[in-house]
Amino acid sequence: MKNNYNTNTFLDILNGKKLRKEYDYSKLSTYIPVLNYHFLGDCGEVICLNENKFEQHLKYLKDNNYQTLTLNEYIDWKNGNLDLPEKSVLITFDDGAAGTSKINGNYLIPLIEKYDVNATLFLITSFWDIKDYISPNLEIESHTHNLHNRVYG
């Protein structure tokens with residue numbers, strides 16, 4: 001059996017950080033679903049998801065004992081360095097716009113904290129300030145700085 005804890009997790013344990021609940025490792029994951037979202041709320045875009053529907057998704061995952069992964073856990077699993085339970089899922093958000101921060105709707109952070117699930121946000125840093133996305137349940141990764149404003153020609 002592979003080590004199910006990385007060095008950072010071990011250090012967190014030593015520093016008193018709460019551990020996540022135990023998951024069933026009797027059946028290991030052979031694939032990981034990646035749930036990708038963009039915007040939350042009623043923003044009028046086809047890529048918007050009503051915040052109540054998103055909460056239903058999170059409640060389902062929690063009620064059905066899914067482990068929500070950090071991006072590093074996913075990468076470690078993908079590289080064969082970590083075993084994960086069959087019920088594992090990676091939640092990602094793209095861009096950082098409507099409904100995802102403390103200044104543009106504020107649905108994402110309160111909901112992932114309420115259900116104590118992990119999510120990863122790929123943030124466009126030329127549009128949004130990272131300080132508006134701080135949460136122990138949310139990892140911030142680079143989308144790009146200014147890709148959406150680039151003109152091709």
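A cavity is a set of points, on a 1 Å grid over the protein atoms alone, where a 1.4 Å probe fits but cannot get out. Grid points are joined across faces, edges and corners, and a volume is the space filled by probe spheres set on the points. By this definition the structure holds 1 cavity of 30 Å³ or more. The model examined here is predicted: local features need pLDDT of at least 70, side-chain atom pairs count only at pLDDT 80 or more, and totals for chains, interfaces and linings use all residues. Residues are numbered from 1 along each chain as its sequence is written, and side-chain values use heavy atoms, with hydrogens and water left out.

The chain contains 4 helices and 7 strands, which are DSSP runs numbered from the N terminus (helices: H or I, at least four residues; strands: E, at least two). Along the sequence these elements follow the pattern α-β-β-β-α-β-α-β-α-β-β. Of the 153 residues, 38% count as buried; buried means under 20% relative accessible area, exposed over 50%, and partly exposed in between (1.4 Å probe, protein chains only). Contact is defined as heavy atoms within 4.5 Å. Among contacts between residues at least 6 apart in sequence, 61% join residues at least 24 apart.

A nonpolar core is a set of buried Ala, Val, Leu, Ile, Met, Phe, Trp, Tyr and Cys residues joined through side-chain atoms within 4.5 Å. The largest such core has 19 residues, of which Phe-54, Leu-58, Ile-91, Phe-93, Leu-108, Ile-112 and Leu-138 touch the most other members. At least two residues of this core come from each of α2, β5 (88–95), α4 and β6, and α4 gives the most, with 4 residues. A second, separate core of 8 residues includes Leu-69, Leu-71, Tyr-74 and Leu-82.

Leu-138 lies in strand β7 (residues 138–144) and counts as buried because its relative accessibility is 8%. Beyond its neighbours within four places in sequence, Leu-138 is in contact with residues including Leu-108, Ile-112 and Tyr-133. The C-alpha atoms of Leu-138 and Asn-118 are separated by 6.0 Å, although these residues are 20 apart along the chain. With sequence neighbours within four places again set aside, the contacts of Ile-91 include Leu-35, Leu-58, Val-117 and Asn-118.

Most residues other than glycine have a negative phi. Asp-116, however, has a positive phi of about 50 degrees; this residue lies in the loop between α4 (108–114) and β6 (119–124) and is partly exposed, at 34% relative accessibility. Asn-65 has a positive phi of about 60 degrees, is found in the loop between α2 (51–63) and β4 (67–68), and is partly exposed at 28%.

Ser-29, in the loop between α1 (7–14) and β1 (34–37), is buried, with a relative accessible area of 10%. Apart from neighbours within four places in sequence, Ser-29 is in contact with Trp-77, Leu-84, Pro-85 and Glu-86.

Note on methods
On a 1 Å grid over the protein atoms alone, a cavity is a set of points where a 1.4 Å probe fits but cannot get out, and a pocket is an open set with protein on both sides within 12 Å along at least five of seven lines; lining residues have an atom within 4 Å of a point.
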